[in-house]
Structure formats: structure tokens, C-alpha cells
Amino acid sequence: CATPSSAAGGEKRPQFGTRFLTDPRQVFQHNAWDNVEWTEEQETAAKKKVLENNQPLPQEKQDEYDTRANEYWNDFYTVHENRFFKDRHWLFTEFPELAPQFSLKQESHLEESEAASTGDQEQSQEVEPISLSDGNFPGSTATYRILEVGCGVGNTVFPILKTNNDPGLFVYCCDFSNTAVELVKTNPEYDPGRCFAFVHDLSDVEANYPIPDGSLDVLVLIFVLSALHPNKMQGSISRLARLLKPGGVMLLRDYGRYDMAQLRFKKGRCLSENFYVRGDGTRVYFFTQDELHELFTAAGLEKVQNLVDRRLQVNRGKQLTMYRVWIQCKYRKPAETQS
């Protein structure tokens, strides 16, 4: 797993934070430290731990977790409802594409770049108008469309609706769990005039979305791709990529290889390499940057950002240190797609 600096390849460092641990003796002064570099010993110990637990469960048990995935996620949200996740306050710092006025700036920037690229040539062909069977769909008149896949109980959707005052904004959100979607719809902040929540199985690439291909400006995947079976990831990302407009972006934040959660799994929880089942039956995969890069580029998207966030979280009461590893990606659909 590469460090943020080696992975960036010269690209701008992210806004993961400004709290850096320079004196190890002061580790318990704060509850978190940003962009923590791992020692060679730590990396070696993490690899050893993962290898020790890499004993996959029998195939029939794996199949059971696959076929009952919906049941496990419904149970999860029934138990936790909206108490489990906190609103993600880092959203607009890390993903300004979701922030107010971004869409207006983006539109202006695209118009300028299009004008510059056409020069004296004839006006370029417009993108074909969006249409479903009746030419009408939720948010069809919107000028900036965001879809969050795996929305859970709305911890990303509601901050966007509350913060982004762009009158042309429309937010779609979907989840595998009908329990989660029902919790979103019954939330007092749910506004059907600006938002549309629906149940959808990301891994079912034949299932239709309630929005046409080529209609989205932004697609958001936050700790959701890791819940899919690894064999279904490529098809799912490729299907999502079709929903993006040329120039549209896919934003991802998910679990990285050797995250504390991976190292905590005991034997008997491994489904396949780096893929595990939790005690409640939900599943999780731990990515490398290269794996995600391959998934996105195979779907025809171009890299904007692919970075590792290594964070040191501290329990000052128990004097414990916990190393988190997350990966953050932004990949764009080329502005001019070849036929």
C-alpha cells in the first residue's frame, strides 16, 4: 500500500487535515493525527496478520452470505436506524463538487473551455437530449444532478441538501436496503422537490436506474463499493460510469488495505483475499489504490485523484492507538468520448 506522497505522483496533496504528529511522546495530546507515515515494521506486521487470517470459509457459507446480503443490511439498519453514522462534516472540504455554487462555477468553466476548444470551427454538436420512455424523470429539469449510491440513512444526502443552495440542484440517492431508503424518505429533511430516494442493487448491472445514461454531474460512493463481492465490482462501476455526463465525476472514499478494521478480523471471518464478513453478516473488502485505479479506468474514466489517508486515531482514556487507512478517489468521464 503506497503512502499518500508516493501515490500522488506530484498531484496536489488533499485536505485530509493539518494535525501532524512530529513528537511521538505527544501522541495522546489529541484524538487524531493526519497523514501518518507507517514504519517498515508496522507494514510487515500488518501483512503478517492478514496472511494469518487468510483462510477462506467454505464455498456454501460464502454463497449464503451473498444470497442473504439484502436481509443482513435490512437488519443492520433496523437495529441502528440513524444512530449509527454521524453526518460527514468533511464532505465539502474533500469533495467541493458537492458544495454550493460549484455547479455554477463548473458550468461557466465548461462553457469557457468549450469556446476555447472550438475556436473558428463550427459549433460542436450538442449532447443528445436526455430521454426516458416518456421523456420525463425525477429531476429532469435540474441543471446539476448528484447521485449517491449506498446512501444508508442519508448522512451524505441531507448535508448536501442543507448546504447546497443551488436552485438547479437535484440529488438522487439509492441503497440496497429498503429499510434504509424508507428511513431517508421519512426523515423530516427529505424534500421530494429536490431529492429522489429509491431502492437499487448496485451489483445488478441489468437493473434500470430511474435516470437516463449521460445525465449525472456527480456520482458519490462512500464506503459502499467495499460491501460488494469483488467479482461484481467492475460491472457495477462500468454501469455507473454510463450514467455520467461527459466531464462528470465519480467520487469514492472507502477502506484501504491494512486498515485497523481488517487487522481486527479473527480467523473464520475471511471470505476471500482481503474480503471479510462481519458478525452481523455484512461484508467488507479492503482496497489498494491500484485495484481502484484499474476498476475506474476499465470503465473508461480518467484519474483526477487517487490518494491514501492514513490516520492515527487515539483513545486517550484507554491510552490506545488505532491506525485507519482510507482511500479517496476522483475519476472523470472524458469530456469528449470517442464513438
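Guide: A residue is called buried when its relative accessible area is under 20%, exposed when this is over 50%, and partly exposed in between, using a 1.4 Å probe and protein chains only. The model is predicted, so local features need pLDDT of at least 70 and side-chain atom pairs count only at pLDDT 80 or more, while totals for chains, interfaces and linings use all residues. Residues are numbered from 1 along each chain as its sequence is written, and side-chain values use heavy atoms, leaving out hydrogens and water.

Visitor: Why is Glu291 called partly exposed?

Guide: Glu291 has a relative accessibility of 26%, which falls between the limits of 20% and 50%, and therefore Glu291 counts as partly exposed.

Visitor: What makes Arg257 count as buried?

Guide: The relative accessibility of Arg257 is 10%, which is under 20%, so Arg257 counts as buried.

Visitor: How do you know that Arg257 and Glu291 meet in a salt bridge?

Guide: A salt bridge needs a side-chain nitrogen of Lys or Arg within 4 Å of a carboxyl oxygen of Asp or Glu; the N to O value for Arg257 and Glu291 is 3.0 Å, so this pair qualifies.

Visitor: Why is the contact of Lys162 and Glu189 called a salt bridge?

Guide: Their N to O value is 3.7 Å, which is within 4 Å, and so the side chains of Lys162 and Glu189 form one.

Visitor: Why is Lys162 called exposed?

Guide: Lys162 has a relative accessible area of 61%, which is over 50%, so Lys162 is exposed, whereas Glu189, at 39%, is partly exposed.
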